[in-house]
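Biologist: I'd like to learn how to read charged pairs in a model like this one. Could you walk me through it?

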Amino acid sequence: MIGLLIGAVLGVILTVVGTPLFIRLLHRRGYGQIIRDDGPTTHATKRGTPTMGGVVIVTNFVLVYFVTHWIMSMLELENSGITVTALLLLFLTAGMGLIGFLDDYIKISNQRSLGLTATGKIIGQGAVGITFAILALNFPNSQGFTPASTAISVFRDTSWDLAFFGATAGAILFVIWSNLITTATTNAVNLTDGLDGLATGAVAMVSVGYVLITLFQSNQACSGTTSAGGCYEVRDPMDLALMASILAGVLLGFLWWNTAPAKIFMGDTGSLALGGALAGFAIFSKTQVLLVILAGLMVVIAASVIIQVGYFKISGGKRVFLMAPLQHHFELKGWEEVTVVVRFWLIGLGFVVAALAMFYAEWVILR
């Protein structure tokens, strides 16, 4: 528990202090936000606001993780060792952040709202996602638990195992399944990042949810190679709790500068990285399907885009919403930006609470 507090506090402090320095650097280099021409007219004032703030988020997430472990080892605290699970999560987060950074850089360099091509994004995300998935099925610990498994998980691994045709086929299917989760999550966070502080606050709430889930899994971990009652076969749950705590702290620190009126935007660098992080938490904590509820706000926002595009095509040009993603629909209906953000945060919090209730209820049933 002390380690979680150290990580969260360091994340907040380092990000609150470090973000203004990065803002000044971006101002000097002229790296400002490019605004969509078809977006809400109220967003015109955001043009030129420094973007690529995800660099701060990813850098501090990685740095604070290693610094926290160094402090924990100096204090001779338990669980002070760096784990392979955490390294893989950092790889997925930073890898997706790199794809987002390239996207942001192209937008800024060409002064247009379009960055990487769809093909370029797919290739980049695929390369990171495939490497991550393959590595995640390796590195068993002393209990035989690997960071990920080929089983589909809801609150824990279920009997729906992708290896029904053998280990090789299972590994291939897991790579596909893992990439579907990662792609869906990164896109959902990316679509949510449309208003000042909206995505930052929403992902911070989900991160806190994962602190509680993985901390509980650590306290109810299966001993040896046998599973009894409602115990959890999760590798390195305490380190996952530490990482979720650090991410929540970093995001709260970033929110200090990202809340309306934002002094900096996370850009695709941040949204893709955070989507990767949430996907990693879901895969490693064996809560893949539960992520749909935990990140329910982002799922609803992504669904609004799918509905809008689908209905537009089949209806010959008609729309369900005034504009998609959903947050812009309410802006065009006359809601103030801050009102939309706060109300969406409350909805996001409701989804997190509902997911936690379902998670604990399942454990109570299996006791």
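Modeller: Happy to! Let's start with one term: a residue counts as buried when its relative accessible area is under 20%, and as exposed when it is over 50%, with partly exposed in between. Keep in mind that this is a predicted model.

Biologist: Thanks. And why can charged side chains pair at all?

Modeller: Side chains of opposite charge can pair when their charged atoms come close. In this structure there are seven salt bridges.

Biologist: What does Asp268 form a salt bridge with?

Modeller: Its partner is Lys107, with the closest N and O atoms 3.2 Å apart. Asp268 sits in helix α8 and Lys107 in helix α3, so this pair links distant parts of the chain, 161 residues apart. Asp268 has 7% relative accessibility, so it is buried, and Lys107 is buried too, at 18%.

Biologist: Where do Lys286 and Asp157 lie?

Modeller: Lys286 is in the loop between α8 and α9, and Asp157 is in strand β2, so their pairing ties together parts 129 residues apart in sequence. Their closest N and O atoms are 3.3 Å apart. Lys286 is buried at 5% relative accessibility, whereas Asp157, at 27%, is partly exposed.

Biologist: Is Arg235 buried or exposed?

Modeller: Arg235 is buried, with 12% relative accessibility. Arg235 forms a salt bridge with Asp236, where the closest N and O atoms are 2.8 Å apart. Asp236 is buried as well, at 18%.

Biologist: Which residues are joined into one network by shared partners?

Modeller: Asp103, Lys107, Lys121 and Asp268 are joined that way.

How values were computed
Residues are numbered from 1 along each chain as its sequence is written. This is a predicted model: local features need pLDDT of at least 70, side-chain atom pairs count only at pLDDT 80 or more; totals for chains, interfaces and linings use all residues. Side-chain values use heavy atoms; hydrogens and water are left out. A salt bridge is a side-chain nitrogen of Lys or Arg within 4 Å of a carboxyl oxygen of Asp or Glu. Helices (H or I, at least four residues) and strands (E, at least two) are DSSP runs, numbered from the N terminus. Buried means under 20% relative accessible area, exposed over 50%, partly exposed in between (1.4 Å probe, protein chains only).
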